[in-house]
Amino acid sequence: MAVPTFSGSPAPRRTNRTAPRPSGFSPPPRRAPRVGSSKPASRFATPHRGGERLSSIRDDASVASAMDVDGGGFVHPDRALKADTLFAKSDELHVSFHAHLPPEVKQVLRAADFFRDAYTGDIDTMTGFALVATSQTCFVWQHSQALSSVPTCYIFPCPVDRSQTAPFHAFVPYGVSREPGLVLVSSSGEIRFWDSISIGLAGGEPFSRSQLELEAGETASSLSRSDLQTYISSTSKGRLFRLTLTSTGGKYHLVSRLFSRPQSSLSLSRFLPSLWSSQILQPEAGNITAIALGEQNSVGRDLWALVDSRLQKWNLATEGWEEIAQEEEIAAIILPSIRGSLNPVPDENAYLDLELLDIAVESTGKLLILTSYSGTTDDLGVGNEPTPRRIYALVRLTVSTGFANVDDVTAVPYQSTFGASEAPMHPQLQLVEGGQLAVVQFGDAVTICARGRAFQPFWPLSSLTLVAHADNDYKDRVELKSPTDRTLGVGVVDDQSEILIMTSGLMMKVTVDFEEVSKFDPETGQSKLIKSIMTQAILYGSHPENPLRFTFPPEIDEDSLMTGAEQLSRAILESDHEVVRPNNDLTSQMIGRKERLGFLIKFVNENGALGKTSQRCRQQLAADAEKLYAAQQLWLYLNEFLSHGNTYSVLNEAVYQYMNDVNEGHHEDFMRAYFRLRVNDLGKILPYVLSIAARQLGENPGSALTVLPEVNSIVLTVITSALEYRDYNRGVYGLEFPLVRPWTSKADVIDILLQLFAFTTNAVEGEGASHDDVAKTRLPELVSTIFACMTERIGWLKLAAAENELGLERELTAMEEQFQQLRPELLDSLRVNGFADSAFKLAEQYHDFRNLVSLCNKDTVYPPEQNPNALSIQAYIERFQDEFTDELYKWYIEHGELRAMFAQEDTYSDYIDRFFTKHWHPSISWIHDLRQNRYDAAAESLLSESHSAGELTSKQLMLSIGKLSHLAQLQEDDGAEATMLDEFHDGLDFVSVQETLTGELKSALASVRIKQTLDAQAETITAEMASKLADKPQLRHIFKGLVHSLLQGKALSMEELADALSLKDNTSHVEDYATALHLLSRASNLPEARRLAAFKNVWRRIYLHDDWNFIRHTSGVTDAELNERYRNSALFAVLAQTQFKLHQPAGYILMPSESLLVPTDEEIVSHWPGMSAEEREALVSEFLVESSQVQNYDLADVFARTRELVMESVVG
């Protein structure tokens, strides 16, 4: 086993070098050059307390008040701590109190400024002594003595050094028979040696003084013990000195000399001078960063030294001489392996700024080198600049003559970000059990890395780290809590698997369980480690005397973090004995569990890890905390309920049934067992509560006002407590709404609430229920909770439907419809039962303006000033503006209260304007337009509305007022378009035609002497005025329906009126055919295909109006008589009125052959949408009969001759 080494820090970066306090992100200067660069080096110290933390969503007020978490704070443990007091505990490591520091040391360190003044320390496990040194004084004591009493403190004056740095140090062991000696070496090379530390009791005088033979500008960089009588000191110029302990006259002296080659006469160089000189290596100058003693060899033992970017191997001969055996440039060998270990692998040209910090030799002979390199993070710091950081790694090397190879690279769970709280210290490496564990001391933490199937733990001390081999991902570290605390020394006790850590406040002992370390599973170990860190933080982190804080290691695995956090949360929820102390006082026990869950999320937040957790994980953690808080409130309610003398509780019976159903009925106190063990199933108790309530109400309906207050209180306590907790702590957990499948709004929870609402309303609206009885049922809270739960579920269903989850769209539609229907009932139940204020507040809260408007208008609506809610309406208009007025005016229109709306014109005219702009109501908006003197807008609205007017009188009124409005606009604006006036004229003409037709049809009733029904009148008119339709039942039915509408005063469409005009006999009114064609030509809103079909229908009837066989019978008829017959035909009359019209759309004039095509089925469905398939088929048959008749007449020559006669009549 290699002898432990206690390497001092290199001159440019050692602990005893005075360093300026860091400022911002600028690192302090250093002299050691970086690999591949001539830039000056700089010190890399402990990371900032918040270093490498992601920005997280936090609500400190919520954490503090809602969770009552004691954040704790570091205090120097002046109070008496018991031996083995635990500071941290995991399966692999126990960190406990070991010993106090001497009072003299405590006093000095309590006021220490580690940024301004130089301090160093050491724990020598071989001698059992420890020391702390400043630039002026060195304090030494036996740390094992401090376990049982106040240790004796030996005080020594340090060598004087202008740089005010603390000296390098080494104890001189003499065995158990006497106290050790002490060697101090200043950076300027002055050596002070005390034969025995007992001299320190008398002020440290006398001592032996000597001097290293340093060159100008050269400084000492380290001091290490080689064996009991030999010490090695290195310098900043690459030189090594041997300090040898000699005895003269019973007194010990220390003699120093520079490393030298052998000069003995028996030396091989005396015989082969030329051969020897050709093989002599000359060491290159440079700063020696660290030295380590290696294996025994044939002449003595090996000594390894890191010199800038190089590795030197020296032989330390037992004969007293030294020679360099090997020197390799290893930085260039290490750099590719470091680069390859990164994820993602950086570009080959990326500057990693590699440093070689410390070295140790494993029992296998392999070298372990502590390195650091610049981070490649994209995280932005102050000013949106990348945050500088140093990343640390252990590199294992196999070195032989002329050869060096990297075996593996292990990441150290520690990073430096040059924070303002970082104590300047050069990291130091030590080995446990020959290299099974690698311990790295930083200023504020210690890390541990295991070799092979070992492990890698982390504690928050000041900087002790344990790191695992490359094939083992277990990592952990110990970190100091206080920014004013720091590590001063680490000692390894190999035979006891212990590590001693000295801080500025005390000494701790780390006990390693190598058996547990060997069991580490890389697949599950990370989540187990994360859970262990959080568990320790909960159990030990809040104690003020604990110097450690618990944080996640850098590069934390997200899946491990989430798994560990969820497992720990569930363990707390279920009262796992490992994290929850047993306590028969359930109230106190639940408070403790609640505080632990609060500490858990606070710990995640403070470590900047919340951003690395998914929403699913955050919501699960929040749900656990919600359930525990709700359970605590339910337990408090039960205690209060029973304290009032109640001997029976529905909750007690429900829990009893549930515990038996889940095979937990064996507990003597099943109620406390439920609240300890089954809080995760809190929602599952609610169906039991409802079932018991339904049974009791069924057995005794009169007990409703006794049963429901308790039942409602149980359910509401569970649901409302959870909802309140969630809302209050949403920032703490970083929740994004809507939540995914929230337990508070599951379908069965909503059904329970609705069933309780039905029970409650039936009870309170029955006879004999007083207002106090109603209040006890907590009806307002019940309705409010229904609103909250249904809104929450709809929000999740929308999210799930948007993400295309199967089967949820139908549920979403059903839930939205159900909630839409329930809201008026829910709010009105509050109003009628004396909770109108609650109803108003609830509608306001959910912006349910439709029902808010309805609540405002339950009493007198007009005049508005007599409405008891008039002031509320005004307040809502001012507060919610258009959101409220839109629903208000809709309600007025739907309920026929236009007068109430227009009564607000003087005050809220702008709101009415915007309402009509967004919501098309031309039948109403024209009134507002006229009152605002907007005649053109009123005219447009009236013209538009007249097209769809159902009553002829209304249509006529709209057209008349619209025409007058347009004329008024024309009078105000001479340049206004007059085309709208023609549309009003056409509309009024249409009204006139319909009125004339109605009068004509009614003339058929003049001979009827008895009172007839409307249908009988239509039948009489049809029989009298449409005799030609007797053999066409479908067309006769259509005509009769049109007559029926006309008798009712309904306004027909252009198409319908054209049918009515062309289907009647027209014996004395053949001009009505032309009127029908004219109406169709003006029907601009009619689809072109349908209008063409309508034209064809009318033209067939025109051609069939006359007996063309008779007209064309020319036997014995003069030409004059024949032409007269043509002139008396309907065809002549129609052509005479249409031939010379300027506006002639397609189909306006059709030759016989062009009118033969009958309407398609689609055109018939469009024209008569309510007609059945059989009726459509019959109608087509009748159209075909018409078409066939026209075709059989063969009227092509007749049409031509009639058109000629029309032209002649015009010319004549």
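Predicted model: local features only at pLDDT ≥ 70, side-chain atom pairs only at ≥ 80, totals over all residues.
**Aromatic pairs**

A pair of aromatic rings is described by the distance of the centres and the angle of the planes. Across the whole structure, a search finds 31 aromatic pairs. Select Tyr 876 together with Phe 884: the ring centres are 5.4 Å apart and the planes stand at 50 degrees, so this pair is tilted. Both Tyr 876 and Phe 884 are buried.

Now select Trp 635, Tyr 658, Tyr 674, Phe 675 and Tyr 688, which ring pairs link into a cluster.

**Charges over rings**

Two further selections show a charged residue over the face of a ring. Lys 627 lies over the face of Trp 743, at 5.4 Å from the ring centre. Arg 914 lies over the face of Tyr 911, and here the value is 4.8 Å from the ring centre.

**Helix H10**

Select residues 615-643, which make up helix H10. At 1.5 Å a residue, the 29 residues of H10 should span 42 Å; the C-alpha atoms at its ends are 42 Å apart, which agrees with the expectation. Then select Gly 645, which follows H10 and has a positive phi, near 95 degrees.

Strands of a sheet pair through backbone hydrogen bonds, either parallel or antiparallel. For the last stop, display the open sheet of five strands in the order E1-E2-E30-E29-E28, where the pairing is antiparallel. Which strands stand at the edges? They are strand E1 (86-89) and strand E28 (487-493); each has a single partner strand, so one side of each is left without a neighbour in the sheet. Neighbouring strands of this sheet are turned against each other by 20 degrees on average, direction ignored.

Finally, focus on E28 and strand E29 (residues 498-503), which pair in the antiparallel sense over six bridges. Select Thr 487 to see one end of a bridge: its partner in E29 is Thr 503.

Technical notes
Residues numbered from 1 in each chain as written. Heavy atoms only, no water. Phe/Tyr/Trp six-rings, centres within 6.5 Å; stacked < 30°, edge-to-face > 60°. Buried < 20%, exposed > 50% of the residue type's maximum accessible area, 1.4 Å probe, protein only. Lys NZ or Arg CZ within 6 Å of the ring centre and 35° of its normal. Helix = DSSP H or I, 4+ residues; strand = E, 2+ residues; numbered from the N terminus. Expected span 1.5 Å × (residues − 1). Pairing = 2+ DSSP bridges. Axes fitted to C-alpha atoms, helices over the stretch in contact; angles between N-to-C directions.
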